[in-house]
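I wanted to look up a few residues one by one and then step back to the whole chain.

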Amino acid sequence: MKAVLFAGAEIERYDFCKEYIQNADVIVCCDGGMRHTRALKIIPDYILGDFDSCKKEDFNYYKELGVKIKTFPTQKDETDMELGLDFALELGVDDIVICGGIGSRFDHTLANAHLLLRLLKKGVRGRLVNEKNCVELIDKNMIVKGKKGDLVSTIPLSMEVTGITLEGFAYPLTDHTLTIDDDIVAVSNVMLQEQCSITIKTGYLFVIQARD
C-alpha cells in the first residue's frame, strides 16, 4: 500500500506531486501540509499534528468536509512528520512519499532525510521529494530510472558503505568503499541511459536524483 505525506515546507510547483498522488492508496497531511492538498484541490484521508503551523481556514475547511483529524499536544517529543510516518506505518503501508519535507530549515530537512532510515529498517520504501530532488536511502540494490543526462549523487549515511558498484553512469564505480569523511567522489554523477544500477554490500547509502 502506498502513502503520500504532505509536510509544511514550501512547494513552488505542484506538477511533480501528480504522479505520486494518482498512485496513492492513502494521503496524510502533517499539520501545515494541508495547505498543499488545498492548493492541489484534493481531500486527504487523514490530517494530524499539533496544528501550530497551519491556517485556521485550512483546518476548518477540512473539518467541515469530515476529514479524519488526529490532534496531538504542542509539547511533544515527536515532530509532526514523525507522527505522520508512524501513523502511516500503523495503516500497513510499504511505500511512503514525503512531499513538503525539503525546505529552508536545514535542521528539518536533515531530520526528515534521517527518518528514511527508520522506514528502511522496517522494510518500507521511503522517498523525500520536491521540485528538484528525490532522496532515497538504500541498503542493497537499486535501479535508478530517469533520462540520459540526469544527475544522481550517492552519499553515505553510515560511517562506511562498502561494495558500491555504479553501472550506466558517466563516472562508474566497481566494488568501491565510501566513508562519511572520505573524498566526495560520487556527487553529481550523470546518467548515460534511462535505467542505471546501484549495488552495495554493506551500509546505508543516500541516492539523490537532483536537478538545478
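Predicted model: local features only at pLDDT ≥ 70, side-chain atom pairs only at ≥ 80, totals over all residues.

**Entry 1: Asp31.** I started with Asp31, which is buried at a relative accessible area of 1%; buried means under 20% relative accessible area, exposed over 50%, and partly exposed in between, with a 1.4 Å probe and protein chains only. Asp31 sits in the loop between β2 (26-30) and α2. Helices (H or I, at least four residues) and strands (E, at least two) are DSSP runs, numbered from the N terminus. I also noted that Asp31 has a positive phi of about 55 degrees, although it is not a glycine. For background, most residues other than glycine have a negative phi.

Residues are numbered from 1 along each chain as its sequence is written, and side-chain values use heavy atoms, with hydrogens and water left out.

**Entry 2: Asp175.** I looked up another positive phi at a residue that is not a glycine, and Asp175 has one of about 50 degrees. Asp175 belongs to strand β11 (residues 173-179). Is Asp175 buried or partly exposed? I found it partly exposed, with a relative accessible area of 45%.

Entry 3: Cys30 is buried, with a relative accessible area of 3%. I listed its contacts (heavy atoms within 4.5 Å), leaving aside neighbours within four places in sequence: Leu5, Phe6, Ala7, Gly8, Leu48, Asp80, Met81 and Gly84. Cys30 and Phe6 are 24 residues apart in sequence, and their C-alpha atoms are 5.9 Å apart in space.

Phe6 itself is in strand β1 (residues 2-6), and it is buried with a relative accessible area of 0%. Which residues does Phe6 contact, beyond four places in sequence? I noted among them Cys17, Ile21, Val28, Cys30, His36, Leu40 and Cys99.

**Entry 4: helix α3.** Next I went to Asp58, in helix α3 (residues 56-64). Asp58 is buried, at 7% relative accessible area. Not counting residues up to four places away in sequence, Asp58 touches Met34, Arg35 and Arg38.

Which residues of α3 are buried? They are Asp58, Phe59 and Tyr62. Seen down the axis of α3, these fall within an arc of 100 degrees, so they line one face of the helix; the arc is that of the directions from the helix axis to the C-beta atoms.

The face of α3 turned away from the buried side carries the exposed residues Lys56, Glu57, Lys63 and Glu64. The cover over the buried residues of α3 includes α2 (34-40), β3 (46-49) and β4 (68-71). Just after α3, I noted Gly66 with a positive phi of about 85 degrees.

**Entry 5: Lys122.** I then moved to the loop between α5 (106-121) and β6 (125-129), where Lys122 is found. Lys122 counts as exposed, at 53% relative accessibility. Lys122 and Val67 are 55 residues apart in sequence and 28 Å apart in space, C-alpha to C-alpha.

**Entry 6: the whole chain.** Stepping back, I counted five helices and 14 strands. The radius of gyration is 18 Å, close to the 17 Å that the globule rule gives for 212 residues, so the protein is as compact as a globular protein of that length. That radius is taken over C-alpha atoms, and the rule is 2.2 Å times the number of residues to the power 0.38. The C-alpha trace spans about 55 × 35 × 30 Å along its principal axes.

How much of the protein counts as buried? I have 50% of the 212 residues. Of the contacts between residues at least 6 apart in sequence, 61% join residues at least 24 apart.
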